[in-house]
Amino acid sequence: MKYKYYGVSPFNTQRKTIKRPMVMVELFGTNGSRETLALVDSGADVSLVNLGIAKRLGIDLVDAEKRMMMGIAGGQETFLSTLAVQEEGQHEKVKIPVCI
């Protein structure tokens, strides 16, 4: 599958932009939906969703399983949930695991 590459601002301010594969998606929650660009990471086991977006969508975190996400700089406690997502141009939603 081929994805469109978008220029995004890098953490390293010496470069103007970095090209990343991204796709337009619609995220669905109990409070409605939101369209946003999503970074394509074909090697990821779980997708990450910003806490502010999760709250706006009405995703219930009270009973969500807590999960520690680890990275190069250490760990961060997150909430494991599922989210209905529809990729632009697709006709059906899919539920995916997400950490918030």
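This is a predicted model: local features need pLDDT of at least 70, side-chain atom pairs count only at pLDDT 80 or more; totals for chains, interfaces and linings use all residues.

Which residue takes a positive phi in the hairpin of strand 6 and strand 7? The residue is G89, whose phi is near 90 degrees, and the hairpin has six residues between the strands.

Residues are numbered from 1 along each chain as its sequence is written, and side-chain values use heavy atoms, with hydrogens and water left out.

Let me turn to the overall architecture. The chain has seven strands and one helix, where helices (H or I, at least four residues) and strands (E, at least two) are DSSP runs numbered from the N terminus. Read from the N terminus, the order of elements is β-β-β-β-α-β-β-β. Along its principal axes, the C-alpha trace spans about 40 × 40 × 25 Å.

Of the 100 residues, 26% count as buried; buried means under 20% relative accessible area, exposed over 50%, and partly exposed in between, with a 1.4 Å probe and protein chains only. Taking contact as heavy atoms within 4.5 Å, 35% of the contacts between residues at least 6 apart in sequence join residues at least 24 apart.

I now return to strand 7, residues 94–99. Strands are said to pair if DSSP finds at least two bridges between them. Strand 6, residues 74–87, runs antiparallel to strand 7 and is joined to it by six bridges. Within this arrangement, T82 stands opposite P97. Strand 7 also pairs with strand 4, residues 47–48, in the parallel sense over two bridges, and here S47 stands opposite V98.

Is Q86 buried or exposed? Q86 is buried, because its relative accessible area is 19%. A polar atom of its side chain lies 2.8 Å from the backbone oxygen of Q90. Leaving aside residues up to four places away in sequence, Q86 touches M24, V25, E26, F28, H91, E92 and K93.

Thank you for your attention.

Terms used: A polar contact is a pair of N or O atoms within 3.5 Å; within protein, one must be able to donate a hydrogen and the other to accept it, and residues adjacent in sequence count only if both atoms are side-chain atoms.
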